[in-house]
Amino acid sequence: MANGQDKKDDDMPDFSDVQGGASSTAPAAAAYEIYEVKSGDSLSRIAKHFYGSGNLWKTIFEANTDILKDPNKIFPGQKLKIPPKS
Amino acid sequence: MKKITAIMLALPVMAGALACKKNEPPPPPPVTAPATTLPVPVSVSGISLGNAIGEDKRVTASLEAFGAKDTIYAVVETAGTGHAKLRALWSFVKGEKTAKVDETMLEFDSAAPAVNEFHIAKPSGWPKGDYKVEIFLGDATVPAATKTFKVG
C-alpha cells in the first residue's frame, strides 16, 4: 500500500492510496509492503493506514522484532515490513 | 671389459622386466571425485509487465502502456535455488525527479525456477506519465532488472 513517507512535492502526484502486493509460484512465499517510518509515526498510526485499524499495530510489531524491541520506539528512516492483513 | 660384462648382465633383466610389463593388466582409470552440483543462487531471468495474470502468474499480454484504472503487474521470473528476497520499487518519473509509488518485498525458498508477481493498484486512478519498476535481489542496491512504462 501507499507510502506517504516521501517528501511532499507539489509537482508530484499523491500516491498515498496505492495498494501493492506480491505472490510467487515458489512454496511458502511471504510478501511484505515496505514502509519507511517518518516523523510523527506510531505503529498504531501505520496500522490504521495499512489495515484501517490502529488496533492491529501488533501485527506490524511482530513482523519487525528483528529491528524493533519496543513498540513505542520507532524512528524516522526505519524500514518496516508490513505483512498483508490477515 | 667390466662395462661390457655389466651391460650383458643387465640386458636379460631389462628384457624380463619388459616382458613382465607386457602382461600386466592396463592400469585402472584415474579415480575422479564424483560430480557435485553446486547450488546456483537465485537470479532474475526475466521481467514482463501486464494488466492481468493467469493462474501460472505470467502476464496474459505483455504491455508497456496502461490505463488509469489498471492494476499493473510486474512478473519476475527467477532461476536458481535457495532462499531469495526480491524487492520491487515502483516509481513515478517526471524529468529528473522520481516519486516512490510503492515498495514490496517477496521472500521465498526456491527449489526450481519460479514465477513471481508484484502488483500495484490505485483506486483513484493512476496519474498520467512515466513510471518504472526496479527489481532488487537480496540486499543489492543496484537493480537486477528495470522496466519502464507509461500511463495515459
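**View 1. Glu33 of chain A between two strands.** In this predicted model, Glu33(A) stands opposite Thr104(B), a residue of β5(B), and Glu33(A) also has a bridge partner in β3(A), namely Ile82(A). Strands here are DSSP runs of E with at least two residues, helices are DSSP runs of H or I with at least four residues, and both are numbered from the N terminus. Strand β2 of chain A, residues 30-36, is joined to β5(B) by 4 bridges, and the two run antiparallel. Two strands are said to pair if DSSP finds at least two bridges between them, and β2(A) and β3(A) pair in the antiparallel sense over 4 bridges. Ile34(A) likewise has a bridge partner in β3(A), which is Lys81(A).

View 2. The open sheet has 7 strands in the order β3(A)-β2(A)-β5(B)-β4(B)-β7(B)-β8(B)-β2(B), and its pairing is mixed. At the edges stand β3 (79-82) of chain A and β2 (65-66) of chain B, each with a single partner strand, so one side of each is left without a neighbour in the sheet. Strands of a sheet pair through backbone hydrogen bonds, in either a parallel or an antiparallel way.

View 3. A residue counts as buried if 20 or more other C-beta atoms lie within 10 Å of its own, as exposed if 12 or fewer do, and as partly exposed in between, with C-beta atoms placed from the backbone.

**View 4. The side of chain B that touches chain A.** Here 29 residues of chain B are in contact with 25 residues of chain A, where contact means that the C-beta atoms of two residues, placed from the backbone, lie within 7 Å. On this side of chain B, the elements that give two or more residues are β4 (82-94), β5 (97-110) and β6 (114-121), and β5(B) gives the most, with 13 residues. By class, this side of chain B has 14 nonpolar, 5 polar and 10 charged residues; Ala, Val, Leu, Ile, Met, Phe, Trp, Tyr, Cys and Pro count as nonpolar, Asp, Glu, Lys and Arg as charged, and the others, Gly among them, as polar.

**View 5. The largest nonpolar core.** A nonpolar core is a set of buried Ala, Val, Leu, Ile, Met, Phe, Trp, Tyr and Cys residues joined through C-beta atoms within 7 Å. The largest one has 42 residues, of which Ala74(B), Ala88(B) and Val101(B) touch the most other members, and β4(B) gives the most to this core, with 6 residues. Leaving aside residues up to four places away in sequence, Ala74(B) touches Ile47(B), Leu49(B), Ala88(B), Phe118(B), Val133(B) and Lys147(B).

**View 6. The make-up of each chain.** Chain A has 2 helices and 3 strands, which run β-β-α-α-β from the N terminus on, and 26% of its 86 residues count as buried. Chain B has 1 helix and 8 strands, and 26% of its 152 residues are buried.

**Notes on the views.** Residues are numbered from 1 along each chain as its sequence is written, while chains are lettered from A and ligands numbered from 1 in the order in which they are written. Because the model is predicted, local features need pLDDT of at least 70 and side-chain atom pairs count only at pLDDT 80 or more, whereas totals for chains, interfaces and linings use all residues.
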